[in-house]
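Please read them with the structure open beside you.

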Amino acid sequence: MTVKAILESKGHDVFTLGPNEKLSEAIRMLAEHRIGALVITNGDRKIVGILSERDIVRVVAKEGAAALDIAVRSAMTPKVKICNENHTVNEVMEIMTKGRFRHLPVEKGGQLDGIVSIGDVVKRRIEDVEREAEEIRAYIATA
């Protein structure tokens with residue numbers, strides 16, 4: 001199973017924000033869309049960072065309420081791990097586990113093409129395991 005299959009199922013939509021927007025706008029978007037991260041892009045959908053709930057908590061803990069007025073670029077993680085549509089679910093799980101994060105942007109042709117969350121990966125793995133178990137049951141029943 002690949003990232004391409006996950007995106008075909010869930011879609012390529014990603015919530016993004018520019019690096020010069022205020023952190024308060026990022027928080028509003030996260031809450032409104034009930035998501036855990038925003039991909040930070042420039043005008044041509046080139047990935048320049050990612051902003052997660054953890055990034056926000058770190059900045060608020062340091063700056064207090066004043067953090068709401070700072071630019072997203074000051075809170076985001078600028079070195080973003082990415083994947084492409086040919087990565088397997090197992091490869092994506094490994095990247096997420098090693099990096100200790102829950103969202104992995106998908107890049108195609110140097111531009112943002114989608115995002116895969118740990119929830120997407122776990123859901124796909126569960127579906128694979130259930131399918132394999134059913135195939136084994138069917139094989140045993142016909143033997």
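Predicted model: local features only at pLDDT ≥ 70, side-chain atom pairs only at ≥ 80, totals over all residues.

1. Thr 41 counts as buried, because its relative accessibility is 9% and the cut-off for buried is under 20%. Thr 41 belongs to strand 2, and, leaving aside residues up to four places away in sequence, it touches Thr 16, Leu 17, Gly 18, Pro 19, Lys 46, Ile 47, Val 48 and Leu 112.

2. Which residues does Leu 17 touch, when those up to four places away in sequence are not counted? The contacts of Leu 17 are Glu 25, Ala 26, Met 29, Leu 38, Val 39, Ile 40, Thr 41 and Val 72. Within the strand pairing, Leu 17 stands opposite Ile 40 in strand 2, and strand 1 and strand 2 run parallel, joined by two bridges.

3. These strands belong to an open sheet of three, in the order 1-2-3, whose pairing is mixed. Its edges are formed by strand 1 (16-17) and strand 3 (47-52), each of which pairs on one side only.

4. The largest nonpolar core has 14 residues, and the members that touch the most other members are Leu 17, Leu 23, Ala 26, Leu 38, Ile 40, Leu 51 and Val 72. Two or more residues of this core come from each of helix 2 (23-33), strand 2 (37-41) and helix 3 (53-63), with helix 2 giving the largest share, four residues. Apart from this core lies another, of eleven residues, which include Val 89, Val 92, Met 96 and Val 121. In soluble globular proteins, nonpolar side chains tend to be buried together.

5. Is Met 93 buried, partly exposed or exposed? Met 93, which is placed in helix 4 (residues 89-99), counts as partly exposed because its relative accessibility is 27%, and the range for that class lies between the 20% and 50% cut-offs. With residues up to four places away in sequence not counted, Met 93 touches Val 121 and Arg 125. Met 93 and Ile 6 are 87 residues apart in sequence, and their C-alpha atoms are 13 Å apart in space.

6. A second pairing to inspect is that of strand 4 (residues 103-108) with strand 5 (residues 111-117), which is antiparallel and extends over six bridges. In this pairing, Val 106 has Gly 114 of strand 5 as its bridge partner. The two strands form a hairpin with two residues between them, and Gly 109 in the turn has a positive phi of about 60°.

7. Most residues other than glycine have a negative phi. Arg 34, although not a glycine, has a positive phi of about 55°, and its place is in the loop between helix 2 and strand 2. Arg 34 counts as exposed, because its relative accessibility is 77%. Arg 45 is likewise not a glycine and has a positive phi of about 65°; it is found in the loop between strand 2 and strand 3. With a relative accessibility of 34%, Arg 45 counts as partly exposed.

8. For the chain as a whole, there are five helices and five strands, and from the N terminus on the elements run α-β-α-β-β-α-α-β-β-α. The C-alpha atoms fill a box of roughly 70 × 30 × 25 Å along the principal axes. Of the 143 residues, 34% count as buried, and among the contacts with a separation of 6 or more, 56% are between residues 24 or more positions apart.

Definitions and conventions:
Residues numbered from 1 in each chain as written. Heavy atoms only, no water. Buried < 20%, exposed > 50% of the residue type's maximum accessible area, 1.4 Å probe, protein only. Contact = heavy atoms within 4.5 Å. Core = buried A, V, L, I, M, F, W, Y, C linked by side-chain atoms within 4.5 Å. Pairing = 2+ DSSP bridges.
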